[in-house]
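Have a look at the structure first.

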Amino acid sequence: AYGKAKTNGTLETGFTIECQHGEQECIGNVVQACAMEYEPNMWTQAYLINCMCAAEEPEAVGAACFAELGLDYDPVQACAESQEGQDLHFFNGEITNSLSPGLHAVPWPTCDGVGGDDVSQDMFSIGLVGYLCK
């Protein structure tokens with residue numbers, strides 16, 4: 001997760017990330033990045049992201065979403081509260097900023113390196129599962 005954030009600096013010299021919707025969005029992005037890092041199953045990842053994004057305060061419900069599936073949130077929380085989480089957010093920015101075509105809306109779904117309006121329209125019209133199964 002990165003969205004329309006802006007990164008200033010580098011990993012080597014230090015960096016800051018300014019999220020479009022403020023610090024709470026950045027916290028949520030980091031939690032989601034850590035969740036993706038520590039949960040290898042794609043379907044579980046999709047459930048967790050959906051669970052977090054559906055909440056009124058997505059940055060605060062990671063533990064509850066993991067608990068719904070009986071998963072251990074401790075490694076994700078440790079990641080989110082450490083430099084590891086910040087670095088994952090940075091790397092997500094690198095990936096987002098290298099997309100071609102570049103994102104102009106959020107969410108901006110990509111699949112196997114393919115993104116853009118065609119993927120977005122398909123995903124919005126037939127849904128994530130429909131898109132992945134087509």
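Q: Is Glu-94 buried, partly exposed or exposed?
A: Keep in mind that this is a predicted model. Glu-94 sits in helix α5. Buried would need under 20% relative accessible area and exposed over 50%. Glu-94 comes out at 46%, so the label is partly exposed.

Q: What distance separates the end C-alpha atoms of helix α5, residues 83-97?
A: Helix α5 has 15 residues, and at 1.5 Å a residue they should span 21 Å. The model agrees with that: the end C-alpha atoms are apart by 21 Å.

Q: Which residue caps the N-terminal end of α5?
A: Look for a side-chain oxygen that lies 3.2 Å from the backbone nitrogen of Glu-84. That oxygen belongs to the cap, Ser-82.

Q: What kind of aromatic pair do Phe-15 and Phe-90 form?
A: A search of the whole structure turns up three aromatic pairs. In this one, the centres are 4.7 Å apart and the planes make 45 degrees. It joins distant parts of the chain, with Phe-15 in strand β2 and Phe-90 in helix α5, 75 residues apart. Under 30 degrees would be stacked and over 60 edge-to-face, and this pair is tilted.

Q: What kind of pair do the rings of Phe-90 and Phe-91 make?
A: Phe-90 is buried at 7% relative accessible area, while Phe-91 is partly exposed at 41%. Their ring centres are 5.9 Å apart, and their planes stand at 80 degrees. Over 60 degrees is the cut-off, so this pair is edge-to-face.

Definitions and conventions:
Residues numbered from 1 in each chain as written. Predicted model: local features only at pLDDT ≥ 70, side-chain atom pairs only at ≥ 80, totals over all residues. Heavy atoms only, no water. Helix = DSSP H or I, 4+ residues; strand = E, 2+ residues; numbered from the N terminus. Expected span 1.5 Å × (residues − 1). Polar contact = N/O pair within 3.5 Å; in protein donor to acceptor, adjacent residues only side chain to side chain. Buried < 20%, exposed > 50% of the residue type's maximum accessible area, 1.4 Å probe, protein only. Phe/Tyr/Trp six-rings, centres within 6.5 Å; stacked < 30°, edge-to-face > 60°.
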